[in-house]
Amino acid sequence: MNVKTLVICLYVMLIYWLSLHVSFLDTLFFPTLGAFSFLFLSRPFTTRELAKVVLGAVVTSLIGLLLVSLYASAITLFINVVIAIWLIRKFKWNAPPIAAIALIPFFSHSPHLWAFPISVTAALLGLMGVLYLAGLVERKFGQRLELLAGRSKTAGERDIAS
């Protein structure tokens with residue numbers, strides 16, 4: 001397991017823990033955060049691309065909140081999905097979890113529903129920050145860790161051969 005994967009898993013765990021134990025942070029954790037984490041790990045993104053994805057998630061969460069506040073129904077959910085997919089295609093956000101973010105206000109049972117767009121922004125900016133820091137750690141210590149792993153493997157191979 002590489003540093004980025006471990007750090008992101010710890011980050012998602014921390015966000016989940018905070019959402020359970022701090023009442024006004026109940027909207028901070030959303031399952032799509034795991035999908036964003038995997039997406040950000042699995043493909044190389046520039047900072048600009050990551051920022052566009054975060055912006056897309058925030059925009060669709062605001063639209064979802066607006067529509068569910070106006071009238072929570074199957075019709076507004078349909079309109080929400082249509083708008084989210086249209087925005088993803090129009091702005092080439094290339095991140096399917098954005099569509100899922102738009103739906104969360106329709107099934108969230110939080111009394112702080114208004115906080116959801118703020119939570120999306122905070123959680124995804126935090127994810128970007130954690131990814132950036134993990135990348136720095138990998139660049140700084142990656143060669144050293146590979147050298148140590150290479151030496152121990154060679155020593156292990158010698159033990160087996162003896």
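Which residues does the UniProt annotation "transmembrane region" cover? I looked this up before anything else. The unreviewed entry gives residues 14–41, 53–86 and 113–134; UniProt positions follow the numbering used here, feature names are shortened, and annotations may be inferred rather than shown by experiment.

**Ground rules.** I am reading a predicted model, where local features need pLDDT of at least 70 and side-chain atom pairs count only at pLDDT 80 or more, while totals for chains, interfaces and linings use all residues. I count residues from 1 along each chain as its sequence is written, and side-chain values use heavy atoms, with hydrogens and water left out.

**Annotated spans.** I checked residues 14–41 and found 64% helix and 0% strand, with the end C-alpha atoms 18 Å apart. For residues 113–134 I noted 86% helix, 0% strand and end C-alpha atoms 31 Å apart. Helices (H or I, at least four residues) and strands (E, at least two) are DSSP runs, numbered from the N terminus.

**Pockets.** Next I looked for open space. A pocket is an open set of points on a 1 Å grid over the protein atoms alone, where a 1.4 Å probe fits, with protein on both sides within 12 Å along at least five of seven lines; lining residues have an atom within 4 Å of a point. The largest pocket holds about 310 Å³, a volume being the space filled by probe spheres set on the points. Its lining has 14 residues, and K4, F45, L50, L131 and Y132 are the closest to the centre. I see α6 (116–161) among the helices that each supply at least two lining residues, and α6 gives the largest share, 5 residues.

The second largest pocket has a volume of about 170 Å³. Its lining includes D26, F30, H109 and F116.

**Aromatic rings.** How many aromatic pairs does a search of the whole structure find? I get 5; rings of Phe, Tyr and Trp (its six-membered ring) pair if their centres lie within 6.5 Å, with planes under 30 degrees apart stacked, over 60 edge-to-face and the rest tilted. F36 and F40 have ring centres 6.0 Å apart and planes at 55 degrees, so I log them as tilted. F40 and F45 are edge-to-face, because their planes stand at 75 degrees, with centres 5.6 Å apart.
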